[in-house]
Amino acid sequence: PRSGRSPRPRPAPRGAQFAASEAAADGIGGNLRGMDEERWEAPVGAIEFIADFGRALHRFGSSAPRVEEALEALARRFAVRAEFMATPTAIFCAFGKGAEQRTLLARVEPGDVDLEKLSLLHALSHDVVTGDAPFEEARRRLARIVARPTRSHWAVVLASYAGASAASTRFLQGGLPEAAVAAIVGLATGLLALAAARRPAFARIYTPVAATCAAFLAVALSRWIGVASTYVATLAGLIVLIPGLPLTVAMTELASRHLSSGVSRLFDAGVTFLSIGFGVALGTQVADVLLGDVPSAAPHAPPGWTELAALLVAPVCFGLLLKARFRDLGWVMLGSVAAYGGTRLGAAAVGPQIGAFAGTFVLGMASNFFARHSNRPAALTYVPGVMLLVPGSIGLRGVTDFLAHNVSKGLEAGFNAVLVAVALASGMLLATVVVPARRAI
């Protein structure tokens, strides 16, 4: 100005200043204070809430695309300018725009699927986005969900391990003797899982140790009981540990162009396959040395009624292991029946790979339709159902063939496992196009 005085700064419009003081108490979002960029309205602590919500989703088993979609929906609701990137071990949240953008890094560990808490988070997200839950109430609900103890009793966990293993022998064409041995092996695997949950140091070596114990126990029981196929009994006893579901999720993320998360999950599934294969080979060798060679043959054809029994038992056991609520087990069973029926029809009409595609396509459409009309996550029916279809047994067979120096068979099995995983991912993506999921989680 001509008077030589510096111009007086104009005050910011009332109600347009971004408040981050409460988030700064924990070091989350505090670096956004004093931003001179374009302002927008948001509740106090909105950044902290968004970051904590992302951690909770990741901790309870959501995939990277689901985490990013849910956080983007919350950011739009709070009028917060933000971008998100989720990986299996970290969540990046960038708030603001341009040169004034501030980034929050949340270091996380891959979590196990918890269907009950995912359902609660889904309901919370819906209430926040629609405005049914005030912000302070939403914060309190999120804290209660995260602090909510897991209600799975140890007896239920052990029974679920045993039941899932016994039922899986039917899908692997095993007979009643193999089912009996697999139930005992699954029970031992469950006991080790409970021990690993209480001892973090043991949890790091749980997978190869459980595989070794399962293989040794399967060979020993086969020798005493007279089981035809020890391999089927071992594989069924380890069915919960086989990373068929992570392999399928990795293929889905790669197909969705979430390359960082997909590649990470793919390598993690590969390392898990190698750990299980090494444990099975070690346990089998130790059993052969101590007990002598146990001949293995093709299992006897199981009775027809066992297929229906396995189809009723396996989804319930998988649902309980995934911490689904008892009132949701009926929906879990319906989704699994739809997946299995679609797979059988597709395999009979065209082939096993197309059967996997058809089963996942039917399951995906049913899960998305369920999510659209029940205000519950599609994962509630999709995850347990897809566990009946995942190519984990084929992948483990490939690893064991490699360890036995059957390179050609190992390559063939590995290629078939990848092909089935791609078919499952394609079926799910097509189902999302035909019947889109209404909500992000």
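Leaving aside neighbours within four places in sequence, Thr189 is in contact (heavy atoms within 4.5 Å) with Tyr161, Tyr206, Ala210, Ala214, Gly237, Leu238 and Leu241. Thr189 has a relative accessible area of 2% and is therefore buried; buried means under 20% relative accessible area, exposed over 50%, and partly exposed in between, with a 1.4 Å probe and protein chains only. Thr189 lies in helix H7. Helices here are DSSP runs of H or I of at least four residues, numbered from the N terminus.

This is a predicted model, in which local features need pLDDT of at least 70 and side-chain atom pairs count only at pLDDT 80 or more, while totals for chains, interfaces and linings use all residues. Residues are numbered from 1 along each chain as its sequence is written, and side-chain values use heavy atoms, with hydrogens and water left out.

Two packed helices are described by the angle between their axes and the distance between the axes. For H7 (residues 176-198) and H9 (residues 206-225) the angle is about 155° and the axes are 9 Å apart. Axes are lines fitted to C-alpha atoms, for helices over the stretch in contact, and angles run from 0 to 180 degrees between N-to-C directions. H7 and H9 are therefore roughly antiparallel to each other, a term for angles over 145 degrees. On the H7 side, the residues that meet H9 are Val181, Ile184, Val185, Ala188, Thr189, Leu192, Ala193 and Ala196. On the H9 side they are Tyr206, Val209, Ala210, Cys213, Ala214, Leu217, Ala218, Leu221 and Ile225. The residues of this contact divide into 16 nonpolar, one polar and no charged. Ala, Val, Leu, Ile, Met, Phe, Trp, Tyr, Cys and Pro count as nonpolar, Asp, Glu, Lys and Arg as charged, and the others, Gly among them, as polar.

Tyr161, one of the contacts of Thr189, is also touched by Leu321. Not counting residues up to four places away in sequence, Leu321 touches Val157, Ser160 and Val240 as well. Leu321 is found in helix H13 (residues 305-321) and counts as buried because its relative accessibility is 18%. Leu321 and Leu115 are 206 residues apart in sequence, and their C-alpha atoms are 9.5 Å apart in space.

Helix H2 (residues 46-59) is largely enclosed by the rest of the structure, because eleven of its 14 residues are buried. Among them are Glu48, Phe49, Phe53 and His58. H2 is followed by Gly61, whose phi is positive, near 100°.

Definitions and conventions
Helices (H or I, at least four residues) and strands (E, at least two) are DSSP runs, numbered from the N terminus. Angles under 35 degrees count as roughly parallel, over 145 as roughly antiparallel, 65 to 115 as roughly perpendicular and the rest as oblique.
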